[in-house]
Amino acid sequence: MAGRRRASGCAVVALVLLLVSLVGCGGPSAGVAGRADLQRVLDRRSTAVLDRDRAAFARTGAPAWFENLRGVPLASWSYRVTALHGSGGKATADAELRYRIEGYDNAPVTVGRTLTLSRDRGGQWYVDADKPARKSAQQLWDQGPVTVVRGRHSIVLGTGQSSEALHTYADLADDAVPNVSRVWGLDWTGHVVVLVPGSVEGMAGLLGSPASQYRGIAAVTTGEVGGPPQAPADRIVVNPDAYALLGPVGKQVVLTHETTHVATRAHTNAATPLWLSEGYADWIGYLSTDRTPAEAAPELARAVGDGHVPSRLPTDKDFGFSGDATNLAQSYEGGWLACRLISDRWGQERLGAFYRAVGDHRTRAGSVEDAMKKVLGTTPDDFTRQWQDYLRTELG
């Protein structure tokens, strides 16, 4: 067999020369050995971040955002090299950054990073730049120095914001958490992480999407729906431009709404229609206010007043941020009034039980139908008719 033939002396010499040539031109530096060398540098870099050791961090690369991160309470920070590109003195690398905020993340947040690299004269890798990977979102410290404010039930991290302004968000979140727990229950973490960038563009950077999608949106919550208990904490990401336009009641409603998403996350999944998840969050948000249906649902009130009662509950597509603003507002309002109807006719406990029953189904097909039959003793068609009558009564 050819594979068993002994290599001739000439072939051995040629092979050795080829290997020497590859080493000389930097070929293996982008291979296993190069990745191992880089991983050791990144391990030292991670230790420097956790130790707040700027000098040690600088020995691994440009300081860049090191000072921006100084105030963030980190429980862990690590890199994993996934690919190394290039040879010789210059290269780029793909890496996963995993980190946890102390006291809030039960598992690491994992984000993609792109590293621009160079080698010093001793052959050691040096990180020239450490930025979000393509199609990966920014982290708050990529945008500037992070200020941290702690509340009783919250931690607020902001860039381009005064400490006084961030304390206001913490106060609102601290009111929201017990209000949500009082209605939903205590089967959640009971605290929230709030991120406040300097502008809507900063918000978009944290979400990895165009700013145009969020110009009228005061806040959104990120997180894995139906996620396991051992998961990173959801982040409530604020649009400071839109948030500033709200009055005191509106600001509290928004933070309570987003906190409800955090609390209900484990029971929210693909089976949960957006009219229910968004409507329930608004229902808790408005629960402690004195807003009338017409005040809280002005767009839908205008439509119903003109004789245009919706023919169906809002679909998931109706909640798209890039769609028509009036339709989006009516969708949120319609979901809120559907949940308000359930609370009024079946009670608050049944509303919570209905939400959980829908999420327990795990798949969309049959989830609402089964939960309505089991918890409310009705059908989707009958419920829709009741909802339409409710709109006429409350808004007409």
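Trainee: How much space lies in the largest cavity?
Mentor: The largest cavity holds about 40 Å³ of space. On a 1 Å grid over the protein atoms alone, a cavity is a set of points where a 1.4 Å probe fits but cannot get out. Grid points are joined across faces, edges and corners, and the volume is the space filled by probe spheres set on the points. Please note that this is a predicted model, in which local features need pLDDT of at least 70 and side-chain atom pairs count only at pLDDT 80 or more, while totals for chains, interfaces and linings use all residues. Residues are numbered from 1 along each chain as its sequence is written, and side-chain values use heavy atoms, with hydrogens and water left out.

Trainee: Which residues line the largest cavity?
Mentor: Val49, Arg52, Phe66, Leu69 and Arg70 line it, where a lining residue has an atom within 4 Å of a point. By class, three are nonpolar, none is polar and two are charged. Here Ala, Val, Leu, Ile, Met, Phe, Trp, Tyr, Cys and Pro count as nonpolar, Asp, Glu, Lys and Arg as charged, and the others, Gly among them, as polar.

Trainee: And what is the volume of the largest pocket?
Mentor: The largest pocket has a volume of about 1,300 Å³. A pocket is an open set of points with protein on both sides within 12 Å along at least five of seven lines. Its lining has 45 residues, and Ile217, Ala219, His257, Asp282 and Tyr332 lie nearest its centre.

Trainee: Which element gives the most to that lining?
Mentor: Helix H7 (248-264) gives the most, with seven residues. Helices (H or I, at least four residues) and strands (E, at least two) are DSSP runs, numbered from the N terminus.

Trainee: H8 also supplies residues to that lining. How many of its residues are buried?
Mentor: In H8, 12 of the 14 residues are buried, so this helix is largely enclosed by the rest of the structure. Buried means under 20% relative accessible area, exposed over 50%, and partly exposed in between (1.4 Å probe, protein chains only). Among the buried residues of H8 is Asp282, which is also one of those nearest the centre of the largest pocket.

Trainee: Changing topic, how many aromatic pairs does the structure hold?
Mentor: The structure holds 17 aromatic pairs. Rings of Phe, Tyr and Trp (its six-membered ring) pair if their centres lie within 6.5 Å; planes under 30 degrees apart count as stacked, over 60 as edge-to-face and the rest as tilted. Trp77 and Tyr79 form an edge-to-face pair, 6.3 Å centre to centre with 75° between the planes.

Trainee: Is Trp77 buried or exposed?
Mentor: Trp77 counts as buried, at 4% relative accessibility. Trp77 also forms a tilted pair with Trp141, at 5.5 Å centre to centre and 50° between the planes. That pair links distant parts of the chain, 64 residues apart: Trp77 is in strand E1 (residues 74-87), and Trp141 is in the loop between strand E4 (125-132) and strand E5 (147-150).

Trainee: Which residues do ring pairs link into a cluster?
Mentor: The cluster consists of Phe57, Trp65, Phe66, Trp77, Tyr79, Tyr99 and Trp141. Phe66 also lines the largest cavity.

Trainee: What sits over the ring of Trp184?
Mentor: The charged end of Arg356 does, 3.6 Å from the ring centre. A charge sits over a ring if NZ of Lys or CZ of Arg is within 6 Å of the ring centre and within 35 degrees of the ring normal.
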